[in-house]
Amino acid sequence: MQIQWYPGHMHKAGKEIKEALPGIDLLIEVLDARIPFSSANPLLSELRADKPCIKILNKADLADPARTQQWQEYLEREQGVKTLATTAVHSENVEQIIDLCRKLIPHKAENTKVIHALIMGIPNVGKSTIINALAGRTIAKTGNEPAVTKRQQRIDLHNGIILCDTPGMLWPNLENPNTGYRLATTGAIKDTALKHDDIASFAGEFLLRDYPESLKQRYQIDKLPETDYELLLLIGKKRGCLRGGGNIDIDKVAKILLTELRDGLLGRLTLETPEDMEKELIELVALQEKREAKKALRKNKWKANRGT
Ligand code: G4P
C-alpha cells in the first residue's frame with residue numbers, strides 16, 4: 001500500500017536528525033502505547049547507531065497495561081534502549097524521563113553537566129504534551145491537528161538538559177497495510193487518508209479478536225457476530241443509526257465506534273503485540289520475496305521473447 005499524504009517536512013526530518021546527531025547525547029522517542037510498533041520510526045535503530053535511547057510509551061492510560069508491560073520487555077531487548085510508560089496529560093511519570101536521561105549518561109550524571117537529548121515522535125503521540133510537562137510551560141502548540149510542530153527547536157529545561165525537538169516524522173510509504181490502519185484507528189493520521197468505514201471494519205475485526213468482552217459491555221451485546229460488517233450493523237441497530245428506508249448508516253456507526261475507541265470508552269486497548277508484529281513482518285518479507293520472484297520471472301520471459 002502506497003500512502004503519500006505525509007507533509008513534505010517529514011521526509012526532511014530524517015536528514016535533519018542525522019545532521020543533529022553529532023551533538024546529541026541520547027535520543028527520546030515518543031510512542032503511542034496503544035501502537036508501540038506502528039507509531040515507531042523504523043529508521044531509528046539505524047539512525048541512532050550506539051547512542052542510548054529512551055522509548056516512551058505515552059497514552060499509557062488508554063493502553064492495555066499487560067500489553068504495555070510486554071512491549072516494554074520486548075523493546076528493552078535492544079542494546080542501549082530503556083522504556084517508560086507515561087500518561088503525559090496527567091504529568092504522571094514525566095519527571096522520570098529526566099532521571100532516566102541522567103542514568104543513561106553516567107559521565108554527565110551531575111546537574112552541572114549539560115545533556116543534549118533529541119526528542120522525536122510521529123504526530124499525535126503526545127510529544128508536545130510531554131515537552132510542555134518537562135519544561136513547565138507551553139513550548140510547542142498541542143492540538144487536534146497532527147503535525148503542528150514544523151521546525152526543529154532547542155528547549156532549555158533549566159535542569160541541565162537541553163531538548164532538541166524535531167518535527168513529527170513518518171516514513172513515506174507503509175509496506176504493512178495494518179500499520180496504516182492502526183495509525184488511523186488511534187487517530188494518529190487523518191481520517192481522510194483512509195475511508196472511515198474501512199478503518200472501522202479494521203477496528204471491528206480487531207476488537208472481535210482481542211477484546212470481545214469490551215464490545216459486549218459497551219454495546220450491550222449478548223452474542224457477538226462473526227464478522228466486522230455484522231458487528232457494525234448490530235452497533236448501528238443498537239444506536240439507532242438509520243438512513244432513509246430503514247437502512248443502517250454505516251458511516252455514522254463507523255464514526256461512533258472510532259470516536260468511542262479513541263476516547264477510551266471501550267476500555268484500555270492495545271492494537272498490536274510483539275508477537276503480532278513478528279508474524280506480520282515474516283508475512284511481509286515472504287510477500288516481498290514472492291513479488292521479487294514474479295518480477296524476475298517476467299524479466300526472464302521478456303528477455304526470452306526478445307531472443308536475448
Ligand atoms: P504531538 O505533539 O505528538 O502531536 O501530540 P500532542 O502533545 O499535541 O497530543 C495529541 C493529543 O493527545 C492531545 O489531545 C493531548 O491532550 C493527547 N494526549 C497527550 N498525551 C496523552 C496521554 O498520555 N493520554 C491521553 N489520554 N491523551 C494524551 P487533543 O484531543 O488533541 O487535545 P486536548 O484534548 O488536549 O485539547
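**Questions about a predicted model**

Colleague: How many aromatic pairs does a search of the whole structure find?
Modeller: It finds three aromatic pairs. Keep in mind as we go that this is a predicted model.

Colleague: What makes the pair of Tyr 181 and Phe 202 stacked?
Modeller: Two numbers. The ring centres of Tyr 181 and Phe 202 are 5.3 Å apart, with 15 degrees between the planes. Rings pair if their centres lie within 6.5 Å, and planes under 30 degrees apart count as stacked. Both values pass, so Tyr 181 and Phe 202 are a stacked pair.

Colleague: Why can you say that this pair ties parts of the structure together?
Modeller: Look at where the two residues sit. Tyr 181 belongs to helix H6 (residues 177–186) and Phe 202 to helix H7 (residues 196–210), so the pair links parts that are 21 residues apart in sequence. Tyr 181 and Phe 202 are both buried, too.

Colleague: And why is the pair of Phe 206 and Tyr 211 called edge-to-face?
Modeller: Check the angle. The planes of Phe 206 and Tyr 211 are at 65 degrees, and the centres are 5.7 Å apart. Over 60 degrees counts as edge-to-face, so that's the name this pair gets. Phe 206 and Tyr 211 are both buried as well.

Colleague: Let's move to the strands. How do you know that strand E5 and strand E6 pair?
Modeller: Count the bridges. Strands pair if there are at least two bridges between them. E5 (residues 153–156) and E6 (residues 161–165) have four, in the antiparallel sense. You can find some partners yourself: Asp 156 is bridged to Ile 162 of E6, and Ile 155 to Leu 163 of E6.

Colleague: What stands out about His 158 in the hairpin of E5 and E6?
Modeller: The hairpin has four residues between its strands, and His 158 there has a positive phi near 60 degrees.

Colleague: How does strand E4 run relative to E6?
Modeller: Parallel. Five bridges join E4 (residues 115–120) to E6, and two would be enough for a pairing. One spot to look at is Ala 117, which is opposite Leu 163 in E6.

Colleague: Why do you call E6 largely enclosed?
Modeller: Five of its five residues are buried, so the rest of the structure largely encloses E6. Ile 161, Leu 163 and Asp 165 point one way, while Ile 162 and Cys 164 point the other way, and all are buried.

Colleague: Is Arg 48 buried or exposed?
Modeller: Buried. Its relative accessibility is 5%, and the cut-off is under 20%. Arg 48 is part of helix H2 (residues 44–48). What about a polar contact? Those need N or O atoms within 3.5 Å, and the Arg 48 side chain reaches the backbone oxygen of Gln 79 at 2.5 Å.

Colleague: Is Ala 49 buried or exposed?
Modeller: Exposed. Its 57% relative accessibility is above the 50% line. Ala 49 is in the loop between H2 and strand E2 (53–58), with a positive phi near 55 degrees, although the residue isn't glycine.

Colleague: And why does Asn 124 count as partly exposed?
Modeller: Asn 124 has 26% relative accessibility, and partly exposed covers what lies between buried, under 20%, and exposed, over 50%. You'll find Asn 124 in the loop between E4 and H5. Its phi is near 80 degrees, again positive in a residue other than glycine.

Colleague: Which residues come nearest to the ligand?
Modeller: Asn 124 is one of them, along with Asp 61, Lys 127, Ser 128 and Thr 129, out of 18 residues around the ligand. That shell divides into six nonpolar, nine polar and three charged residues. Helix H5 (residues 127–135) gives the largest share, three residues.

Conventions
Residues numbered from 1 in each chain as written. Predicted model: local features only at pLDDT ≥ 70, side-chain atom pairs only at ≥ 80, totals over all residues. Heavy atoms only, no water. Helix = DSSP H or I, 4+ residues; strand = E, 2+ residues; numbered from the N terminus. Near = heavy atom within 4 Å. Nonpolar A, V, L, I, M, F, W, Y, C, P; charged D, E, K, R; others polar. Buried < 20%, exposed > 50% of the residue type's maximum accessible area, 1.4 Å probe, protein only. Phe/Tyr/Trp six-rings, centres within 6.5 Å; stacked < 30°, edge-to-face > 60°. Polar contact = N/O pair within 3.5 Å; in protein donor to acceptor, adjacent residues only side chain to side chain.
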